[in-house]
Amino acid sequence: MTVETRYRVIVRCPVCGEKYTLRGRNNENGELETGFKQCICGNESNLHIDATPE
């Protein structure tokens with residue numbers, strides 16, 4: 001049994017100021033996966049992401 005580390009991920013959009021709090025895990029490529037695609041204002045690339053282990 002492997003224990004995967006879950007992360008608390010905070011995504012902030014500097015365009016509109018929206019803040020999202022999500023949970024995520026590392027995928028097989030070592031990237032953090034939360035399912036987040038874009039902000040409600042349409043911003044997809046200019047996001048501030050902060051992840052801390054739970």
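Student: In what order do the elements of the chain run from the N terminus on?

Tutor: The model is predicted, with local features requiring pLDDT of at least 70 and side-chain atom pairs pLDDT 80 or more, while totals for chains, interfaces and linings use all residues. Residues are numbered from 1 along each chain as its sequence is written, and side-chain values use heavy atoms, without hydrogens and water. Helices (H or I, at least four residues) and strands (E, at least two) are DSSP runs, numbered from the N terminus. The chain has zero helices and four strands, and the order is β-β-β-β.

Student: Which residues make up the largest nonpolar core?

Tutor: Such a core is a set of buried Ala, Val, Leu, Ile, Met, Phe, Trp, Tyr and Cys residues joined through side-chain atoms within 4.5 Å. β1 gives the largest share of this core, three residues. The core has seven residues in all: Tyr7, Val9, Val11, Cys13, Tyr20, Cys39 and Leu47.

Student: Is Tyr20 buried or exposed?

Tutor: Buried means under 20% relative accessible area, exposed over 50%, and partly exposed in between (1.4 Å probe, protein chains only). Phe36, at 22%, is partly exposed. The relative accessibility of Tyr20 is 17%, so Tyr20 counts as buried.

Student: Why is the pair of Tyr20 and Phe36 tilted?

Tutor: Rings of Phe, Tyr and Trp (its six-membered ring) pair if their centres lie within 6.5 Å; planes under 30 degrees apart count as stacked, over 60 as edge-to-face and the rest as tilted. A search of the whole structure finds one aromatic pair. The ring centres of Tyr20 and Phe36 are 5.0 Å apart and their planes stand at 55°, so the pair is tilted.

Student: Where do Tyr20 and Phe36 lie in the chain?

Tutor: The pair links distant parts of the chain, 16 residues apart. Tyr20 is in strand β2 (residues 19–26), and Phe36 is in the loop between β3 and β4 (48–53).

Student: With which residues is Leu47 in contact, leaving aside its neighbours within four places in sequence?

Tutor: Contact means heavy atoms within 4.5 Å. Leu47 belongs to the largest nonpolar core. Its contacts, with those neighbours left aside, are Val11, Arg12, Cys13, Pro14 and Phe36.

Student: What percentage of the residues in the chain is buried?

Tutor: The chain has 54 residues. Among them are the residues of the largest nonpolar core, including Val9 and Cys39. The buried share of the chain is 19%.
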